[in-house]
Amino acid sequence: MKKTANIALGFKIAIAYRFAFFINLIIAPLTFLIYFFLWHSIYAYSGTTIIRGFTLEEMITYYIMGLIISLFVWSNAEYWLEENILSGDVVLLFQKPISIFSQIYFFGIGINLLTIIIEAIPIYLIGLFFFGVKSATLAHTLFFIISISLASIIYFMFSFIIGLTAFWMKKINGLSRAKEAIISLFSGALLPLTFYPEWFQEISFYLPFQYLRYVPINIFLGRYNFFTIGIMIFVKLIWIGLLFILIRWFEKKAFKKLSGAGI
Amino acid sequence: MFFKQWKTMLGITFSKEMAYKTNFLIKMLMLIFLESVGPIISYLIYENTLGIPGWSFEEFILLLGTFTLIINLANFLFLYLPSIVMFYVKKGFLDTLFVKPMNLLAHLTIKSINLEAIAGILTGLVLIIWSFLKLELSLFSINFMFYILLIFIAVIFQFSLIVIMASLTIIFIKITGLYHIYNSLMSIAKYPLIIFNSGLILFFTFIIPIGIAAHYPVTVLLGEGIKLLTIGAVIIVIIFLFISILLWKYALKKYSSAGG
């Protein structure tokens, strides 16, 4: 019930900012245009139909699905926590009958609900009808949705951990930028990971970042069989478990720090 | 008076940042790292493909460096102007600034300094210097002079866009989405116009001269010379500047304060 209330609150706030959602609908085709023309010219100039395992159609789909994923797999939990810690309002959050983690997480789900309705579906349709985006089978679409749902939890957890460091550092936008830089490089958000050197691909294989972007897109593109998809989802769940343990440990330390400050 | 005030504000902004030294240091290092991601990705694209037609890797890095420099100069000097305007309008404080002995736009611009952009300016300069050395370009050439002039014009173009955004903020008392549109438009400037079809090249030259934000300065430096398209883009920037100032004056006339 308390969780539903937080979801409803997020949804209401998202509606209040619906203008920004519509702006995204105008901007999306502009971004599509860049990727469409950029990769068309690169493929034509290189005189090949496949580059690093991707056809032109798959490459354009990669970027457009990446854009759609970025609508879900995001969080500004760290700034929200920072603001509350700096103002001292975090004490009020600790007093609520639901953990801070759940308060912020379910609030974010409410915002994402509106994103699905007025952004993701129209953006996908624009991509499908005007930019030649590939469509996926029903099973792959389903696994894609499961995959990005788990990815959004992992991203939120990273964001939350960075936010908790504000108990010690006060200002955390430096660390937040570090998170952005690392994720953009290791997740395959800017370029499919197959473009990177072998050693880099091996490192990213052991890190959770590829599950935020590269893996969900490849599931959508039908590049994994169902057994591999199962393993990928299982590994994601393990990462979520590990990050959850880390968060609990951090929260306890943060609570002690709060008492130590005399609040 | 403007420069004296600007210097004072720079000092204040710096002191504020120094209150959290560790955060500032991490932030600057990470911003440099973030700005370096673009060149890394470009390198990977050029390693795996023939790249962008007619543009070598070094030339593309020159374009990326020029873009990074221009965008971050704008970020350093005035990008936050619409946010500052929004703050004053929402709080109903804008009226208090009318009595100041300084032009309102100049006063608010001074308040928009953003020290974070220094990381981007430095990265842009490093990329430009690296490609300059690789391409063996000369500092003592007419092309370089035009390059500097066009960078200056590109910053004016950025200023016009930001003033238009600030004016719209006063008129609609809304800022949501404006920065999204700005960032989206600017992401086009990261690439040579050659990747687009002729219709879009004309659009990004004569309707919204995004090409001036990197493409035209770099092509002039690389020896393509001043072409009709470059002159056209410069003229459109001047028109943009006039429109932005007119819109700003109109917005101030329409401004009815918090109780209006």
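This briefing walks through a two-chain model, one topic at a time.

The structure is a predicted model, in which local features need pLDDT of at least 70 and side-chain atom pairs count only at pLDDT 80 or more, while totals for chains, interfaces and linings use all residues; side-chain values use heavy atoms, with hydrogens and water left out. Residues are numbered from 1 along each chain as its sequence is written, and chains are lettered from A and ligands numbered from 1 in the order in which they are written.

**Confidence**

- The model comes with ipTM 0.87 and pTM 0.87.
- Chain B has an average pLDDT of 90, pLDDT being the predictor's confidence in each residue, from 0 to 100.
- In chain B, 98% of the residues score at least 70.
- Where pLDDT is low, the predicted coordinates should not be read in detail.

**The second largest pocket**

- A pocket here is worked out on a 1 Å grid over the protein atoms alone: it is an open set of points where a 1.4 Å probe fits, with protein on both sides within 12 Å along at least five of seven lines.
- The second largest pocket holds about 300 Å³ of space; that volume is the space filled by probe spheres set on the points, which are joined across faces, edges and corners.
- Lining residues have an atom within 4 Å of a point, and for this pocket they are B:Phe2, B:Phe3, B:Trp6, B:Leu77, B:Phe78, B:Thr109, B:Phe152, B:Val155, B:Ile156, B:Phe159 and B:Leu241.
- By type, the lining has 10 nonpolar residues, one polar and no charged. Nonpolar covers Ala, Val, Leu, Ile, Met, Phe, Trp, Tyr, Cys and Pro, charged covers Asp, Glu, Lys and Arg, and the others, Gly among them, are polar.
- Two helices of chain B, α1 (2-18) and α8 (142-172), each bring at least two residues to this lining. Helices (H or I, at least four residues) and strands (E, at least two) are DSSP runs, numbered from the N terminus.
- α8(B) gives the most, with four residues.

**More on helix α8(B)**

- This helix has 31 residues and spans 45 Å from first C-alpha to last, close to the 45 Å expected at 1.5 Å a residue. The expected span is 1.5 Å times one less than the number of residues.

- A:Thr31 sits in helix α2 (residues 18-46) of chain A. A:Thr31 counts as buried because its relative accessibility is 14%; buried means under 20% relative accessible area, exposed over 50%, and partly exposed in between (1.4 Å probe, protein chains only).
- Leaving out residues up to four places away in sequence, A:Ile34 touches B:Ser187, B:Ile188, B:Tyr191, B:Ile195 and B:Phe196.
- On the chain B side, helix α9 (residues 178-188) is mostly covered, with eight of its 11 residues buried. Among them are B:Ser184, B:Ser187 and B:Ile188.

**Buried spots inside chain B**

- B:Pro39 lies in helix α2 (residues 21-48) of chain B, and its 12% relative accessibility makes it buried.
- Beyond its neighbours up to four places away in sequence, B:Pro39 touches B:Phe57, B:Ile61, B:Leu64 and B:Leu127.
- B:Asn75 belongs to helix α3 (residues 57-77) of chain B and is buried, with a relative accessible area of 15%.
- Setting aside neighbours within four places in sequence, B:Asn75 is in contact with B:Ser112, B:Asn114 and B:Ala117.
- B:Asn75 and B:Ile121 are 46 residues apart in sequence, yet their C-alpha atoms are 9.4 Å apart in space.

**Positive phi in chain A**

- A:Arg52, a residue other than glycine, has a positive phi near 50°. A:Arg52 is in the loop between β1 (50-51) and β2 (54-55) of chain A and is partly exposed, at 42% relative accessible area.
- A:Lys170 is not a glycine either, and has a positive phi of about 70°. A:Lys170 falls in the loop between α8 (166-169) and α9 (173-186) of chain A and is partly exposed, at 35%.

Definitions and conventions:
Contact means heavy atoms within 4.5 Å.
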